[in-house]
Amino acid sequence: DSVPNLEQHPLRTVIQEAQTMVGPELTERHIELRIEEEPELPRVRVDGARLRPVLAQLLLNIAMGLPENSQLEVHLRQGPAGRPLLVLQDPAAALPPEERGTLFEPFGSRLARGAGLSLAALRRVMLNQGGDVAAEGSAEPGMVFTLTFAV
């Protein structure tokens, strides 16, 4: 809850540093992180020490639902008002109707294949840094997480 230490970073670097935190798990499952980036994306204002662990947890949660020898795709693009977006697709996760309103609340989701705290932590960190996170999905497998960053 303290004031974040915001610094400018390339969004690609932020995701690569988060990937490093869960690298051994990705390597063990033969999951390759594939980053697709629009050219000339502005730098993002983040507190890397706070963002990296929660972003790494999201990457790991998605990877755990993928079959071995898969790719985890990350799309970095320009969003509304020039704000950078990080878009992650989770082909294995579904969003049951009863979890739509509680997805980002502590213990409000079973998407993480665990306790249900990582999405709440991610939202808290993103909001505290001037960004946001959203999820789209249905009861059928296939979700999309979109993180919006401050510049």
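**Exercise 1.** In this predicted model, determine which strands helix α4 lies across.

*Solution.* Step 1: Locate helix α4, which comprises residues 118–128.

**Exercise 2.** State the order of the strands in the open sheet and explain why one side of β2 and of β6 is left without a neighbour.

*Solution.* Step 1: The open sheet has five strands in the order β2-β4-β5-β7-β6, and the pairing is mixed. Step 2: β2 (32–37) and β6 (132–136) stand at the edges with a single partner strand each, so one side of each has no neighbour in the sheet. Step 3: From one strand to the next, the twist averages 20°. Step 4: For β6 and β7 (residues 143–148), the two strands run antiparallel and are joined by five bridges. Within this pairing, D132 stands opposite T148 in β7.

**Exercise 3.** Determine which strands helix α3 lies across.

*Solution.* Step 1: Helix α3 spans residues 48–64. Step 2: The strands it lies across are β2, β4 (71–78), β5 (84–90) and β7. Step 3: Relative to β5, helix α3 runs at about 30°.

**Exercise 4.** Is Q19 buried, partly exposed or exposed?

*Solution.* Step 2: The relative accessible area of Q19 is 25%. Step 3: Buried means under 20% and exposed over 50%, with partly exposed in between; Q19 is therefore partly exposed. Step 4: Leaving aside neighbours within four places in sequence, Q19 is in contact with L26, L33 and L59. Q19 and L33 are 14 residues apart in sequence, and their C-alpha atoms are 7.8 Å apart.

Key:
Residues are numbered from 1 along each chain as its sequence is written. This is a predicted model: local features need pLDDT of at least 70, side-chain atom pairs count only at pLDDT 80 or more; totals for chains, interfaces and linings use all residues. Side-chain values use heavy atoms; hydrogens and water are left out. Two strands pair if DSSP finds at least two bridges between them. Helices (H or I, at least four residues) and strands (E, at least two) are DSSP runs, numbered from the N terminus. Axes are lines fitted to C-alpha atoms, for helices over the stretch in contact, and angles run from 0 to 180 degrees between N-to-C directions. Contact means heavy atoms within 4.5 Å. Buried means under 20% relative accessible area, exposed over 50%, partly exposed in between (1.4 Å probe, protein chains only).
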